[in-house]
Amino acid sequence: MPSPSSGGDYQETRNDDLEEMVSRVMYTSGGDDAELRDNIAEGFAEGEDMEIRGELGLEPEINPQDGYMIQNNEDIPFSSPTPQYSPQNSPESVVDSVSSSSIPLEINRASDLLMAVSLGPEENKTKISKLANSAMEELVRKALKGEPLWQRQAVLDSEIEILNEAEYIREFRAFDASLEEIMRMIEVGDPQSFATLDANCDFSGECHQKPSLSSREAEPDALQTEASREIGFVNVNATTIVEWLMDLKQWSSAFSKIVSRASILGVLSNGIGTGNYHETLQVIRAEFHMPTPLVPARECQFARYCKQVESNTWGVVDVSLENIFPYPQVSFRRRPSGCLIQEMPNGESKVTWVEHVEVDNRQVHRIFHPFVLSGFAYCARRWLTTLIRHCEWVATLISQNAHFLFVEGGLVSQHGKENLLRLAERMMRSFCADFSACSNNLWIPMPVSGGEDFRVMTKSITAAISGCATATIAFTSSLWLPLPPRRVFDFLRREDSRNKWDLLSQELEIQELTHIIKGDNPDNRISVLQANSDSSLIEILYLQESYSDPTALYVVYAPMDIFSVAAILKGGSPDYVNILPSGFVIHPATQVMNYNGEEVGGSLLTVAFHIVDGFSMEDSLYIPRESVDTVCRILTETVILIKAAVLADDS
């Protein structure tokens, strides 16, 4: 039987739901498709991009690489964990630039944000610099304060530090009697879900307007505040972490599970001195995502400022620019957020991460409400654990534990191991980018009974050697399972249970040929799996990565031919291997049971497939009937198999 992984043709198995779905999906003609794409993908041309930077006071000569865009389904060159470049020649002299004319059409609000600018460029620079300095002062104070500013609260299956909004007002806002009533309400309510108190307040502590309680209640689209803190230790020196954060390509690569797109609008300051980023000030546009189309991406434009606050401590802070350049439609802004990085005597770094944002969550799909509205989806813990996992990947890549067993007792060289690690990293980046709600992805809902959360889109891949494009189709669905995330993760990642859910592997024997463990947790591993119909015939090889942190668990895989795997492990470049990742993401979740109204812990499972599709047109909004049938069958049958297997094993 062909598989969801290989993209083969499937025998049609229609039922009433399928027929209903096919009849209700709106197919567009070629003309409509082009018109819709023109309406959705409104980018800005190079001339407009330069005009925006002029309004900000970011002259082209300050930043020769104005406007280069990074997307996290691209390959990111690896940088040594030991800093070798100063801000003056990194990234410009290390990373190839991409001209603004090559930036793909995109949904963006940079021109909207800066349209209201009426001040001169020099005054804009001064205002941004003042804002950045105030934001750094606030970040340092928030990072170092304990209770009562920060309070530990149970969120889903974890305890995290949540900002006490009332205490935050006392500490960081100019207090007056008009806030008494608001603060009383905060202290008896849930500060995490309380809307933004003052959208017109700058970050220096001086508020120009104080909304009354009644006016805030009357505002239906008020943003919600999410603020959390996480403290941890990273096994790399502070200077290296600072470089990762201040170099756009390295930042996007390290946080590819969160950052889908990023570009530098300009650089106001390259720092003081040679070889460090002290007082570097950048203006960045970025898009943040979760690996599901059911949670809208968060996009904003912000200043990023780096400062050496003490001899052994660095601060990197982000702060949105809407307070300087306001515009009416704001769905996401960053209050002073970032991290303090303290160099420890043993070579490690103590990192204190603070996330403080305001966001409109009204478009989040109901199934993700508990996860997102609790503030857990983008909490500081997610950022810090992502940084730690990136450090583990780097450490594994450069380690000299070069040899491990492979087929028939053969050994793999250090170079072969590095190639496998790089290919797996590209697979994970592509998976997170392909299945997010970022502006590059034009998802189409499939209204079918029982499948309201099905999403599908067409894409294309270009062969690295031939340059030929192939149409593909990506599709995904999410469901709640009454089992803890670890239980679902262990089932999906193990080779001995794969034939219980994989449509292709049901009649095959699965064996792990080799693996690489990243870090200290043996469950975080890159594996090469072999599917055999008998002992002498290999049907399929899979590259698989299983990965877990306190906020999410991933099982991502891609089918590969045996010749590509052999070439990579013998030292061949992984850049010439096309890869279509599919897989699963498991989030902790709660579900309200109707029979007694109790909240029961469980897992939120996102099932995602990306396959070659001979019926669809590349990058088209038109999805043929045959492809719709295939998509629905793969999703439905895979979900049924997973639910049956994990619930049976748990009984």
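**Exercise 1.** Which residue in β18 is the bridge partner of Leu 543?

Solution. Keep in mind that you're working with a predicted model.
- Start with the two strands: β17 covers residues 537-549 and pairs with β18 in the antiparallel sense, over nine bridges.
- Now look at the turn: β17 and β18 make a hairpin, with two residues between them.
- Follow the bridge from Leu 543 across to β18, and you land on Ala 558.

**Exercise 2.** Work out why strand β18 is largely enclosed by the rest of the structure.

Solution. 
- Find residues 552-560, which make up β18.
- Eight of these nine residues are buried, so the rest of the structure largely encloses the strand.

**Exercise 3.** Decide whether Gln 544 is buried or exposed, then find what its side chain touches through polar contacts.

Solution. 
- Locate Gln 544 in strand β17.
- Check the cut-off: buried means under 20% relative accessible area. Gln 544 has 3% relative accessibility, so it counts as buried.
- Next, a polar atom of the Gln 544 side chain lies 2.9 Å from the backbone oxygen of Arg 493.
- The Gln 544 side chain also makes a polar contact with the side chain of Arg 498, at 3.4 Å.
- Beyond its neighbours within four places in sequence, Gln 544 has contacts including Met 427, Ser 527 and Val 555.

**Exercise 4.** Name the buried residues of helix α6.

Solution. 
- Go to residues 165-172, where six of the eight are buried.
- At the helix start, a side-chain oxygen of Asn 164 comes to within 3.1 Å of the backbone nitrogen of Ala 166.

Definitions and conventions
Residues are numbered from 1 along each chain as its sequence is written. This is a predicted model: local features need pLDDT of at least 70, side-chain atom pairs count only at pLDDT 80 or more; totals for chains, interfaces and linings use all residues. Side-chain values use heavy atoms; hydrogens and water are left out. Buried means under 20% relative accessible area, exposed over 50%, partly exposed in between (1.4 Å probe, protein chains only). Helices (H or I, at least four residues) and strands (E, at least two) are DSSP runs, numbered from the N terminus. Two strands pair if DSSP finds at least two bridges between them. A polar contact is a pair of N or O atoms within 3.5 Å; within protein, one must be able to donate a hydrogen and the other to accept it, and residues adjacent in sequence count only if both atoms are side-chain atoms. Contact means heavy atoms within 4.5 Å.
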